[in-house]
Amino acid sequence: MSELYELSVVDTLRAFGDRSVSPSEYLEAILERIEVAQPVVNALGDRYVEEARAAARAAEKRYARGDARPLEGLPVAIKDEAAIAGKRATNGSLLMQNNVADRDDPIVERLRAAGAIFHARTLTPEFEITFWTASRMWGITRNPWNVGFDPGGSSGGSAAALAAGMTPLATGSDIGGSIRVPASCCGVVGYKATWGRIPAPPPVGLDAWYHVGPLARTVSDVALAADVMMGPHPLAHAAIRPPLRIGTPTANVRDLRIAVSEDLGDWPVVPSVRAGIRAVADALRDAGATVEETDVRIERSLLRIASDAHYAAAFGTISQTLIAGHEELLNPYTIRWLATLQQARGFADGLEAEGEIQERLSTLFEAYDALVCPAIGVPALEAGVDYTEIPLVVDGQSYDAMREVCPTEIFNVASRCPVLCVPAGRDDATGVPVGAQIVGRTYEDHIVFRIGAAVEAALPWPHVAEL
């Protein structure tokens with residue numbers, strides 16, 4: 001029999017509704033699991049235990065009155081970036097350790113209105129800039145499936161907390177793969193919605209590469225959370241109307257044409273990750289979809305032109321202004337990354353590269369409903385390593401782990417393409433999960449959930465790691 005902390009969101013809410021489990025009983029199981037898992041994994045920052053207990057008791061009264069809301073009494077961990085009114089959001093930086101928000105971010109506001117309980121913050125690297133999760137502020141976060149490895153970044157604390165059983169649902173943000181890379185590394189599900197579906201506050205929310213969204217352990221759990229988060233908001237001018245509703249995803253893919261690429265033509269991908277992508281392709285083929293390999297090619301060099309120009313224009317000046325005179329508080333990787341942006345090509349060159357990437361994908365999606373490809377070319381990076389200082393070696397070749405190992409950023413350039421990242425197997429040597437990105441045509445978010453549900457049905461994955 002599963003422990004309470006292993007229950008899915010859907011099953012937990014059902015148990016609350018039929019009174020077989022109370023919100024307080026469930027919260028205590030989560031808090032007990034945190035006491036076991038947090039010292040091993042280090043996925044959480046600030047915790048709000050007594051407030052959560054009071055909120056759980058209030059949720060029980062709502063269930064008794066029959067007016068429970070969609071997420072009534074459910075503990076949700078919030079990435080240490082999103083604003084919670086009256087709470088600090090450190091962004092993984094000593095520079096922001098006293099930064100207290102005066103209002104909720106839109107997704108926090110909506111989770112709160114849906115009855116969610118905020119019991120903890122999840123950790124992130126400084127300013128969310130790396131594909132690994134470690135900082136001077138909070139230390140090293142580790143992968144629950146093998147603590148010698150990192151959980152991915154930047155929403156690494158969220159993914160690790162899910163895989164360790166410390167929360168059933170968590171939030172993330174994604175400007176280059178920061179939801180999808182941790183989902184892949186930790187064997188959970190992460191959703192980068194079509195830009196504009198889930199509102200984010202300015203100024204960063206005005207950036208079309210920037211997304212916020214949910215991570216959970218099942219496809220249905222992510223769909224439920226996304227439905228709570230989606231829709232127009234006064235702080236999100238570009239939010240899409242009317243709000244989309246995913247509902248309970250169906251696993252029917254018989255009418256779909258799906259392209260598959262193990263490496264997008266130019267990315268280093270180890271055999272276990274390739275095997276995971278093939279397993280997903282075979283599962284979808286067996287489920288009745290038309291699945292074909294594609295020769296679409298997105299060169300690392302092309303993406304780097306777009307990426308460096310984008311970050312230099314969007315964040316280089318802001319970050320330099322923020323940190324001026326406080327460099328001693330920063331992580332070395334932050335300083336090194338900002339320095340590289342000084343050599344970025346111009347903004348116009350970046351837009352030209354973005355246009356080329358988008359055109360190639362648009363041509364692909366003329367023939368296919370979706371694309372399956374890796375989120376990261378290795379199962380996970382080693383924990384505690386600063387890959388701005390040393391290269392990542394794959395099959396004897398050296399690569400820049402910030403720019404050459406995670407093709408997720410391609411779909412921040414193509415930000416109107418929704419992406420669901422789902423588990424795709426396991427690396428036998430390390431025990432670390434591998435994941436697959438399911439990329440949909442522009443604005444067709446419901447399709448990636450159908451495909452994700454089909455993969456989940458064919459290749460069920462373990463939800464919580466043993467520690």
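A pocket here is an open set of points on a 1 Å grid over the protein atoms alone, where a 1.4 Å probe fits, with protein on both sides within 12 Å along at least five of seven lines; lining residues have an atom within 4 Å of a point. Its volume is the space filled by probe spheres set on the points, which are joined across faces, edges and corners.

The model is predicted: local features need pLDDT of at least 70, side-chain atom pairs count only at pLDDT 80 or more, and totals for chains, interfaces and linings use all residues. Residues are numbered from 1 along each chain as its sequence is written, and side-chain values use heavy atoms, without hydrogens and water.

**Stop one: the second largest pocket.** It holds about 280 Å³ of space. Select Ala 55, Arg 112, Ala 116, Ile 117 and Phe 118, the closest to its centre of 17 lining residues. Now colour α3 (49–65) and β3 (117–122), the elements that each give two or more residues to the lining. Helices (H or I, at least four residues) and strands (E, at least two) are DSSP runs, numbered from the N terminus. The largest share, six residues, comes from α3.

**Stop two: helix α5.** Select residues 156–164: nine of nine are buried (under 20% relative accessible area, 1.4 Å probe, protein chains only). Among them are Ser 158 and Leu 162. Step on to Gly 165, which follows α5 and has a positive phi, near 85°.

**Stop three: Ile 246.** Look in the loop between α7 (219–229) and β9 (257–260). Ile 246 counts as buried because its relative accessibility is 13%. Leaving aside neighbours within four places in sequence, show its contacts (heavy atoms within 4.5 Å): Ala 223, Asp 227, Met 230, Asp 445, His 446 and Phe 449.

How values were computed: Buried < 20%, exposed > 50% of the residue type's maximum accessible area, 1.4 Å probe, protein only.
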